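Subject: A structure for you to look at

Hi,

Here is the structure I said I would pass on. Have it open while you read, and click on the residues as they come up.

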Amino acid sequence: MTKPHPNYISTTNACKLCRPLGACLVFKGIESAVPYLHGSQGCATYMRRYIISHYNEPIDIASSSLSEKNAVYGGGPNLKLGLSNVAMKYRPALIGIATTCLTETIGDDVARYLKEYAKDTEGSEGLPEFVHVSTPSYSGTHMEGFHGAVQAVVEQLAHGGPRTETINLLPGFVSSADYRLLKEIMADFGLHCTMLPDLAETMDGQALLEYEKIQAGGTPLAAIAAMGRSRASIELGRTLSNEKSGGLHLKERFKISQHRLGLPIGIEESDRFFSLLSQLSDLPVPEKYRKERGRLVDAYVDGHKYVFGKKAIVYGEEDLVVGLTAFLAEIGVVPVLCASGGTSGKLAAAIADVTGHILAEQPQVHEGADFFDIAEIMESLEPDLLVGHSKGYPLARKLHIPLIRVGFPVHDRVGGQRILHLGYSGAQQLYDTVTNALIAKKQDDSPVGYSYM
């Protein structure tokens, strides 16, 4: 069942992050780009700290650094001065501009400011491209900021022309390891793809002797410009808007076929993804992935007795929750509560789509949830484990149950950017993690502390 929306808004401990944070990550996934927040300095500082603690990688987020004076008279002069400073100091190919609560509240017209800036700097050399997106923090979540930024990049940079054989891949917000896996899978099918964004290297790079102001990697601007010429788009996310998205824009403006799937987490959702790639490439699924799938099925059989009938609470971004719920249902774990700070209105239906043929009873589904809501009901549900990011740790500690850390943010462990969620290999890692966590819990609770399964 879906929790009814109250006639008030009160958040104690949000199960979401702010909208411009998601936009900054998209811009960070573009080659030679710098994210830029039009707002106060504190917004950029907060987001940098939050992102760094998950990825353990440096990220620079520029800011127009508005003060009380700008809140009264407008932030246009600060925005323009900041753009010139970033262009001079970083020499980026793109500056991605996201608004904040302050600039949205005072009504700053960023599009007009950028036109004025272009006129003022006409003839200047070395200026980057600009992309802007509206991301008021008081409306929506980091995922709406993420998808809004993807749409803005496509709308403002992609061009049409003669068709190419390229496939556009819009994977949504997953880990750096997932982005690397997706590129490997596309290459193994012989499909040339443009993936937007691409955080595979920019937020999980190598150790270097000298600091790079802009990390290597990301989706090339030339590839983004050519996205309007591709032959097909794959967009991952069952709860995406039907009215606006990057894939929908490409379909409507450039007549590019759009294929929308759920995040390929678990066997069934991965099967759908691999089947589509086989169709687009006109090739069978490569042997390596058939073997991965076979090993995964074997693992499901081996560990079934440890996971069957266990109850789980799943929380996080809506599409990640859908994928994780599908995975848990197929391994025999019973999801009793699925919660997200998102409010797409699609979460319950999407979960029913992927679990209706498996689960005898659908879980409770809470949209617009915070952790106070989850804590109020979780004890009565008697869960055996929590599945979500690090912000659920106090709840897991209170109930003395395992927390399976997935998604974003993972603040209390290293390697959050390297957690693999997608494909058969991602499901294998998730399965081993879940099963071993349940075995460890039973082992730790045992009075004899047995050491043999």
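Predicted model: local features only at pLDDT ≥ 70, side-chain atom pairs only at ≥ 80, totals over all residues.

Find helix H7, which covers residues 142-157. Those 16 residues reach 22 Å from the first C-alpha to the last, close to the 22 Å expected at 1.5 Å a residue. Quite a few of its residues are buried, including His142, Met143, Phe146, Val150 and Leu157. Gly145 and Gln151 are on the buried list too. Now zoom in on the start of H7: a side-chain oxygen of threonine 141 comes to within 3.1 Å of the backbone nitrogen of methionine 143.

A bit of background first: most residues other than glycine have a negative phi, and most peptide bonds are trans. Here are some cases that go the other way.

Which residues does a cis peptide bond with omega of about -5 degrees join? They are leucine 196 and proline 197. You will find proline 197 in the loop that runs between strand E6 (193-195) and helix H9 (221-225). There is also a cis bond from phenylalanine 408 to proline 409, with omega near 5 degrees. Proline 409 sits in a loop as well, between strand E13 (403-405) and helix H17 (423-445).

Then look at phi. Serine 32 has a positive value, near 55 degrees, although this residue is not a glycine. Its place is the loop between helix H1 (19-28) and strand E1 (33-38), and serine 32 is partly exposed at a relative accessible area of 23%. Lysine 255 also has a positive phi, near 60 degrees. This lysine 255 lies in the loop between helix H10 (246-254) and strand E8 (257-261). Is lysine 255 buried or exposed? With a relative accessible area of 64%, lysine 255 is exposed.

**Salt bridges**

How many salt bridges are there? The count comes to 18.

Start with arginine 112 and glutamate 116, whose closest N and O atoms are 2.8 Å apart. Both belong to helix H6 (residues 110-120), and because they are 4 residues apart there, about one helical turn separates them. Arginine 112 is partly exposed, with a relative accessible area of 40%, and glutamate 116 counts as partly exposed at 26%.

Lysine 398 counts as exposed at 51% relative accessibility, and glutamate 379 as partly exposed at 45%.

Finally, go to aspartate 412 and arginine 405, which form a salt bridge with their closest N and O atoms 2.8 Å apart. Aspartate 412 is partly exposed, with a relative accessible area of 29%. Arginine 405 has 16% relative accessibility, so arginine 405 counts as buried, the cut-off for that being under 20%. One more thing to trace on screen: salt bridges that share partners join Lys80, Arg112 and Glu116 into one network.

Methods
Residues numbered from 1 in each chain as written. Heavy atoms only, no water. Helix = DSSP H or I, 4+ residues; strand = E, 2+ residues; numbered from the N terminus. Expected span 1.5 Å × (residues − 1). Buried < 20%, exposed > 50% of the residue type's maximum accessible area, 1.4 Å probe, protein only. Polar contact = N/O pair within 3.5 Å; in protein donor to acceptor, adjacent residues only side chain to side chain. Salt bridge = Lys/Arg side-chain N within 4 Å of Asp/Glu carboxyl O.
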